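This is a short briefing for a reader new to the structure shown below. Please look at the sequence and the model first, then read the points by topic.

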Amino acid sequence: RSKACIFDLDGVIVDTAKYHYLAWKRLAAELGFEFTEKDNERLKGVSRMESLEILLSIGGIRIDDESKKMALAEKKNNWYVEYISQMTEDEILPGVMDFLNLLKRNGVKIAIGSASKNTMLILERIGLKDFFDVIIDGTKITRAKPDPEVFLKAAEELNVAPEECTVFEDAIAGIEAAKRACMKVVGVGNRETLKDADRVIESFVGQDIELIEW
Ligand code: B16
Ligand code: MG
């Protein structure tokens, strides 16, 4: 059994993908093109600036000026922060709290491993700021997923070997990152999309400790 579990935030603990989508869509509209939900799939798990690059390529827009790009990313983030500031603990995904409590009762350490720089704000809004043993987020890393840095840092701070960690991820880039960190990985979401994970669950509802027995 794994000694520790590392959870991605967006798409695993909460569904903030819809707020990212609304904010990117608003930016696209301002720039004069449409941005669909299908396009948005390509942004999941990807860092803010890389997401902007993908968005601009979808709109066929080329911007070379770095400061202009930073300003656009900041604009999107301000809208996103407005949306997530309204979040409540009702937005924790089904079964998540039961599963986290089960891990705690069994002495399994828990951490957050997220690319988001808004992690602390989200955790505060949903009442889980002090719940995790370790939180590694976008403010503490230099290399985005699929680089394993975020998960390796979490394992190090948890004082657990990577091989003894299970990662929970909803994004392809995150699954690759976990594998590169030599960790077990459970995909949360669509089986087809997440086929490279060791196991895939549709949700946390009804999951028990066997899920992290390897
Ligand atoms: P921010 P995760 C990721 O979070 C999101 O999936 C991705 O869509 C987002 O662009 C990225 O965080 C950066 O977020 O703009 O808030 O810093 O899935 O790694 O928890
Ligand atoms: Mg995610």
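The model is predicted. Ligand 1 sits in the largest pocket, and 17 residues surround ligand 1.

**Ligand 1**

- Among the 17 residues that surround ligand 1, the closest are Val46, Ser114, Ser116, Lys117 and Asn118.
- A backbone N or O atom of Lys117 lies 2.7 Å from an oxygen atom of the ligand.
- For Gly45, a polar backbone atom is 2.9 Å from an oxygen atom of ligand 1.
- For Leu43, the distance from a polar backbone atom to an oxygen atom of ligand 1 is 3.3 Å.
- On its own, ligand 1 has 470 Å² of accessible area, and the protein covers 96% of this.

**Helix 3 and helix 4**

- Helix 3 spans residues 48-58, and its buried residues are Ser51, Leu52, Ile54, Leu55 and Leu56.
- The cover over these buried residues includes helix 1 (17-31) and helix 4.
- After helix 3 comes Gly60, which has a positive phi near 65°.
- Leaving aside residues up to four places away in sequence, Lys69 touches Met49, Leu52, Glu53, Leu56, Ile63 and Asp64.
- Two of these partners, Leu52 and Leu56, are listed among the buried residues of helix 3.

- Pro146 belongs to the loop between strand 3 (134-136) and helix 7 (149-158).

- Asn159 is not a glycine, yet its phi is positive, at about 65°.
- Asn159 is found in the loop between helix 7 and strand 4 (165-169).
- Asn159 counts as exposed because its relative accessibility is 71%, and exposed means over 50%.
- Cys182, also a residue other than glycine, has a positive phi near 65°.
- The loop that holds Cys182 lies between helix 8 (172-180) and strand 5 (184-188).
- With a relative accessible area of 48%, Cys182 is partly exposed.

Definitions and conventions
Residues are numbered from 1 along each chain as its sequence is written. Chains are lettered from A and ligands numbered from 1 in the order in which they are written. This is a predicted model: local features need pLDDT of at least 70, side-chain atom pairs count only at pLDDT 80 or more; totals for chains, interfaces and linings use all residues. Side-chain values use heavy atoms; hydrogens and water are left out. Contact means heavy atoms within 4.5 Å. A residue is near a molecule or strand if one of its heavy atoms lies within 4 Å of it. A polar contact is a pair of N or O atoms within 3.5 Å; within protein, one must be able to donate a hydrogen and the other to accept it, and residues adjacent in sequence count only if both atoms are side-chain atoms. Accessible areas come from the Shrake-Rupley method with a 1.4 Å probe; for residues, only the protein chains shown count as cover. On a 1 Å grid over the protein atoms alone, a cavity is a set of points where a 1.4 Å probe fits but cannot get out, and a pocket is an open set with protein on both sides within 12 Å along at least five of seven lines; lining residues have an atom within 4 Å of a point. A molecule sits in a cavity or pocket if more than half of its atoms lie within 2 Å of its grid points. Buried means under 20% relative accessible area, exposed over 50%, partly exposed in between (1.4 Å probe, protein chains only). Helices (H or I, at least four residues) and strands (E, at least two) are DSSP runs, numbered from the N terminus.
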